[in-house]
Amino acid sequence: MNLIFEIGKEGRGLSLLPKCDVPQTDLPEKFKRTTKLHLPQLSENEISRHYTKLAGRTHGVNDGFYPLGSCTMKYNPKVNEFAASLKGFTRLHPLQEEKYAQGALEVIQMTENSLAEILGMDSFTLQPAAGAHGEFTGLLLIKSYHTDRGDTKRTKIIVPDSAHGTNPASAAMCGYEVISIPSAEDGCVDLDALRDAVGEDTAGLMLTNPNTVGLFDKNILEITKIVHEAGGLCYYDGANLNAVMGQARPGDMGFDCVHVNLHKTFSTPHGGGGPGSGPVGCKAFLADFLPGARVTGTPEEGLKLVGAPKSMGLVKEFYGNFLVVVKALAYILTLGKEGIPEASANAVLNANYMRVKLSKKYEMAYDTTCMHEFVMDLAELKHRTGVSALDVAKGLLDYGIHPPTMYFPLIVHEALMVEPCETEPREVMDEAIEALLELYDTAEKDPEYLHGAPHKAVIGRPDELGAARNPVVRYTFED
Amino acid sequence: MALLFAKTHEWLNDLGDGVAAIGISDFAQNELGGLVFVNLPEPGDEVVMGETFADVESVKAVSDIYSPVTGTVLEINEELLDQPELINDSAYDAWFIKVENITEHADLMTEDEYKAFCETEEA
Amino acid sequence: MGSYVPNTLKERDEMLKEAGYTSFEDMFSCIPDEVKLKEPLNLPSGLSEMEVARKMEELADKNTVFKSIFRGAGAYDHFIPAIVNSVISKEEFLTAYTPYQAEISQGILQSIFEFQTMICELTGMDVANASHYDGATAAAETIPMCIDRKHKTAYVSATTHPGVVKVMQTYCFGSNTKLVVIPSKDGLTDMDALQDALDKDPEAACFYLQQPNFYGSFEDAEAIGEIVHAHGAKFVMGVNPIALAIMKSPRECGADIAVGDGQPLGMPISYGGPYVGFMAATSAMMRKLPGRIVGETTDNDGNRAYVLTLQAREQHIRREKASSNICSNQDLCALTASVYMAAMGAEGMAEAARQCMAKAQYLRDELKTAGLYPVFHGPFFNEFVTNCPVDDGKLLDALAKEGILGGLPIADGSILWCVTEKNTKADIDKLVAIVKEITGKGGLSYESNF
């Protein structure tokens, strides 16, 4: 279809601004733009239709099942959107004096307190804008702590080889050397490898639990103990919190700091990749290092913003992605203490239901009770039929189902990782199970068909090699 | 020209006068698939035997390239920076770097030995 | 209590059995007892939708919504065309994830490609991403792009927004990078101090300049860029996207990288977020760019297609060797900016920029008659600093009582004012009248030395 620059005509536009009601001024010549600025010239009708077309070429959670592992693509409730559209939130300047923003400060305080209870932490900051940003902030807490104690020899962060790529990348951004430890046969932390890795140079450990293969690490208390005994701190990557919220708390597992993804666990929409929100929580001994202005006091006596005494500084302007926080608070208020464990229990149930039904044909990477997601290993299928995890994923597109996460975690080579979420009706999962089983048969009977999939999408498989070798990353105008 | 090969799939060509060219084998480029970018060191940089001196990117992977020798980079193949596909097209012409002042080198294989080695790798 | 679980209790029981469990407790036996939560969470019980809506409205009502806003400093109250909200509310855009599966994400991918193009047009650059959380984090992420074995120190002008400097400092604390703040002189970057600092440092990596700067003033960006380049460092500019409709682009000023906050492009101020940070660069810097980049290609039938490209730079592939951990792509905000720019067009944006300038000039002139004089004297965009001869709290409270959010008090009793196209002459006159009451300047016309 056409790009927005290829429609419209010279001279078209909307009537948006009134005439200027004060005397005109002129920009000094020295600062004036000399090159032409090409932006679309369209009527409102054309803009509306263009984006309606683009929306039609996009698959969201509302278009169908989206079992994208490790991304928690749950339904995004509408009351959250209602709350975030209130003028009392959207028309609020971030530098308004505290007395004019008491409601916003109360939203922040309520959300921080709720998250602290759910995670078993003492304090939270809502400043980080995404999961990776939360990791960065959490690691800076660890760095601030060691630095403050004059313990400068702790230069290493331990990360399991099954971790999300953001974990080692965040550690590197914090100036740490990354020590990657292999996973044990069962996909969990190899305790011996961990014992070998820790020492006087250990700043901390980054861990997801349940881990990236969807299993709850039964040795979790032993793991955090090993790291603590070596003088390191334990960081909990909350990517998989949806499996355990209301069932178990990282704070009780021995973790010192955590991040959570409001855009996963707390139902705020992903928006095609953002904006998200990645609040960071910590135990009391780390709270003095938290970034940004902290809400203190009570609503009755008036809430105030005060910086933490040994604050690391700012990881973002202002107070984080505030409207995303508003949506998450609406969700927490809706679920309450009963709804939160109900959500996680059903997320885990749905995953195990699909796992058991799919294991009729598909090989499971770890054939045991999973948490909110599970990993299928298609290596044997690929070896036998030539049909890869990618081919099956592309085949699923023709069923109107978003494929599971492919090729992650890296420790399973032909991985398809399925996370159904608690918000899916049983019959939607049944249809997806049917589709996946049918694709398995197709792989055996007609592998060529799957190599060519998808057959019904708006485009066929794109030439990614060509795109990377000769990058075309913007439209070029003729004049 | 008799190429020698490392177990990490680099080739080395002794150009005489203490200078050697280094690239990656045809087996390696085939395994890596279509390459889209190469990160090379700069002339004058030290390379160390067994340590990485460059990396190559395919669409969805990045792979380290290890130096079979210790020495100083004399020259880099700038053509590869613009046309990494040359490595896929002709791996033994697409040298990455030329190295001088070589002080040590890894145990290297002849072409026949390397072919046999790759067969065991494939199996 | 609210719940978004569709399956009935009966269905859940059936599913448990089919999956081989006798109960939820049985299924959760994979969690060791020692870490299982024994008590319910100490949270209130869940609420119905009506109760939640009411509670959220109550919270929103506790905030003061000002009828007119004369405060900027990183969050700008511009006009937002109605089409913007209509487009970004479409559920497909709202609820999708990062477009990993290109075949069913062409809409999002194309919209990002269009955003990249528009940002390149504004900045004059060759490549842009849609990945940053805000302008400050985008600014901080330019530093590792410029650091290598021979270039190690980063520089930033003291005329930069203090929040941006703080974020840069925090990122540099992480990466163990030395960051030096170049002082200001008369509200502008002290170019002699910059020259001196760079003369003494053979390892200078980059210099960050905000244009217009924190005080609203125009810096001599081209001359500064020349100094920076003469010392082998990269020139990074932080820019206001609306001002760019009429101003020299960073490319024209010689910048290697341009960043900024996209908030003025159709995003409400929303107590500080979400916004989007944009980043654009010359093609020479393309592979250093962090985050997601969309490229145009073809599918297996030769049709035009869009994909995430140059991915081998990123964290999911390079892991600890990636130059950034960024994984998001701030797509919904980027889409907001795209729709805004499409609706405004080049002429609409230029008109908004011209009105910002003209109205700011008008307020500045009028405030003189009320006894508030400009602190700096060069050309400026839509923000400027005045002194405040009375207690600023008293002044701002008097304005607030009339529904006006006044300027931001900054160091040593001065106020940073901001005017946008949304502020009418009537709003400005009303503001000035209230200021006059507080300063006791009556209706007198007052000729100042300024």
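**Chain C against chain A.** I started with this pair and counted 166 residues of chain C in contact with 165 residues of chain A. A reminder to myself: this is a predicted model. Next I looked up which element of chain C gives the largest share of that side, and found helix α12 (residues 331–369) of chain C, with 20 residues. I then sorted the chain C side of this contact by class and got 82 nonpolar, 50 polar and 34 charged residues.

**Chain C against chain B.** Here I found five residues of chain C in contact with seven residues of chain B. On the chain C side, two of the residues are nonpolar, one is polar and two are charged.

**Helix α5 of chain A.** My last stop was α5 of chain A, residues 131–148, a helix of 18 residues. From first C-alpha to last I get 25 Å, close to the 26 Å expected at 1.5 Å a residue. Is this helix mostly covered or mostly open? It is mostly covered, with 15 of the 18 residues of α5(A) buried. Just past the end of α5(A) I noted A:Gly150, whose phi is positive, at about 75 degrees.

Terms used
Residues are numbered from 1 along each chain as its sequence is written. Chains are lettered from A and ligands numbered from 1 in the order in which they are written. This is a predicted model: local features need pLDDT of at least 70, side-chain atom pairs count only at pLDDT 80 or more; totals for chains, interfaces and linings use all residues. Helices (H or I, at least four residues) and strands (E, at least two) are DSSP runs, numbered from the N terminus. The expected span of a helix is 1.5 Å times one less than its number of residues. A residue is buried if 20 or more other C-beta atoms lie within 10 Å of its own, exposed if 12 or fewer, and partly exposed in between; C-beta atoms are placed from the backbone. Two residues are in contact if their C-beta atoms, placed from the backbone, lie within 7 Å. Ala, Val, Leu, Ile, Met, Phe, Trp, Tyr, Cys and Pro count as nonpolar, Asp, Glu, Lys and Arg as charged, and the others, Gly among them, as polar.
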